[in-house]
Amino acid sequence: MIKSVTDMSLDTLYSIYLQHPVVSTDSRRVPDGCMFFAIKGETFNGNRFAASALEAGAAVAVVDEADVVPAGDERYVQVDDVLTVLQQLAAHHRQQFLGPVLQITGTNGKTTTKELIAAVLSERYRVLYTQGNLNNHIGVPLTLLRLRPDEHDIAVIETGANHPGEIAFLTNIVKPTCGIVTNVGVAHIEGFSSFEGVKHTKGELYDYLFSHNDCRLFLAADNPNLTDMLEQRGTALDDPRIIAYGHEARTGLACCGIVAAANPFVAISWQQTAPQPAKQHEVQTNLIGTYNLDNLLAAVTVGLHFDVAPADINHALGTYQPSLGRSEYRQTASNRLIVDAYNANLTSMKAALANFAALQLPNKMVILGDMNELGTDSDSAHRQVVELVAGCADIKEAWFVGKRYVVDGTSFHLFANVDEVKAHIAAHHPNDMTILIKGSNSIRLHQLPELL
């Protein structure tokens with residue numbers, strides 16, 4: 001008998017989930033006994049793959065088109081809208097978990113911060129955290145449905161957005177007990193219309209936390225945009241719901257820290273400052289980029305709040321290995337690479353170039369890809385990047401990749417796409433260079449390191 005949304009409550013669907021607690025939305029990856037949710041996208045319709053998912057081992061297929069359901073096949077659950085039901089199921093499941101849930105958002109650094117915080121908390125707790133970049137309206141529910149009250153003590157959930165209202169929507173699914181906005185910068189302007197639109201949307205996490213007195217906000221107190229977002233909401237830095245960190249010891253901070261060295265790997269010096277100043281700690285990390293200081297301090301602060309011992313915090317930060325093309329240093333047979341090719345916007349590009357300029361490494365070169373979703377600011381942003389590179393006297397060579405850069409009047413190389421770059425590398429292979437590789441993920445610069 002076909003079960004439809006009219007005769008199946010969320011509680012009933014949840015009981016099915018408890019019997020089959022592994023969830024998939026990809027018919028190519030179907031663990032035995034899982035629930036397959038037939039989500040629709042702009043270029044695909046999961047309903048058309050429900051039968052193959054069941055053949056591959058799924059126990060249940062949740063669909064929203066009646067014509068894909070064979071008469072009498074009780075393995076199908078028909079609902080009005082599969083995506084909505086997935087989100088509702090995840091929100092319901094989240095409410096069964098009584099442990100702390102930390103939500104992270106921000107323009108830059110949220111994935112690295114998530115990874116660092118998870119590493120620190122894992123020194124003491126069993127932690128569920130977002131895998132990779134599953135931080136949207138599908139990835140967040142999938143992450144929450146991996147939460148096991150008997151297997152996890154705490155959850156760290158990353159949330160992203162490129163349109164107004166998305167953080168509020170995801171926050172109402174996550175229902176965090178604490179949160180952090182890593183920073184706000186010039187990104188996804190095409191969707192947000194303006195930088196103020198970015199601040200407003202990221203600030204939707206503030207709104208949720210401040211509407212619940214038992215929630216806490218971790219805050220980078222030296223970031224003027226983040227403190228401005230507080231002021232816009234009539235909230236002061238000394239609000240007891242705020243746990244702040246910064247670069248210099250002062251009243252009201254939970255901890256502080258500075259970059260002790262960065263050539264190329266970042267070492268930091270930090271200390272707990274509340275309830276009273278404690279001893280200094282030195283940590284050598286495997287991260288590239290002084291812009292990671294606040295990401296590291298966020299992890300320290302969260303760890304201290306959840307009673308992770310300083311020695312364990314240091315161990316986690318010192319052994320963490322960056323991946324996914326974020327702040328990675330790679331030594332190849334021919335070159336030294338700084339790979340930050342997962343994403344790019346004007347704010348992160350400026351930070352990466354500033355850090356690159358400060359490194360005391362020889363024979364510098366950059367391969368920079370387009371920055372996407374900048375809307376009407378795109379031309380200006382790409383022009384600024386070219387000007388910044390031109391102003392770096394020790395950059396010996398610069399390759400720009402994509403359709404948005406204009407390099408007329410310079411000695412820089414311009415390539416339409418990554419395939420043209422590959423061909424150029426084959427013909428003119430760089431040697432003994434220190435190369436910064438950065439661009440939006442869609443430019444596919446992550447394909448270059450293995451060739452360099």
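**Salt bridges**

Guide: Asp 67 is exposed, at 60% relative accessibility; exposed means over 50% relative accessible area, buried under 20%, and partly exposed in between (1.4 Å probe, protein chains only). This is a predicted model, where local features need pLDDT of at least 70, side-chain atom pairs count only at pLDDT 80 or more, and totals for chains, interfaces and linings use all residues. Residues are numbered from 1 along each chain as its sequence is written, and side-chain values use heavy atoms, with hydrogens and water left out.

Visitor: Which residue forms a salt bridge with Asp 67?

Guide: Arg 48 does, with the closest N and O atoms 3.6 Å apart. A salt bridge is a side-chain nitrogen of Lys or Arg within 4 Å of a carboxyl oxygen of Asp or Glu.

Visitor: And what does Asp 64 meet in a salt bridge?

Guide: The side chain of Lys 40, at 3.6 Å from N to O. Asp 64 lies in the loop between β3 (60-63) and β4 (76-78), and Lys 40 in the loop between β2 (35-37) and α2 (50-55), 24 residues apart. Strands (E, at least two residues) and helices (H or I, at least four) are DSSP runs, numbered from the N terminus.

Visitor: Is Asp 64 buried or exposed?

Guide: Buried, at 15% relative accessibility. Lys 40 is partly exposed, at 42%.

Visitor: New topic. Where is the partner of Asp 432, Arg 336?

Guide: Arg 336 is in strand β15 (residues 336-340), 96 residues from Asp 432. Their closest N and O atoms are 3.0 Å apart.

Visitor: How many salt bridges does the structure hold?

Guide: It holds 20.
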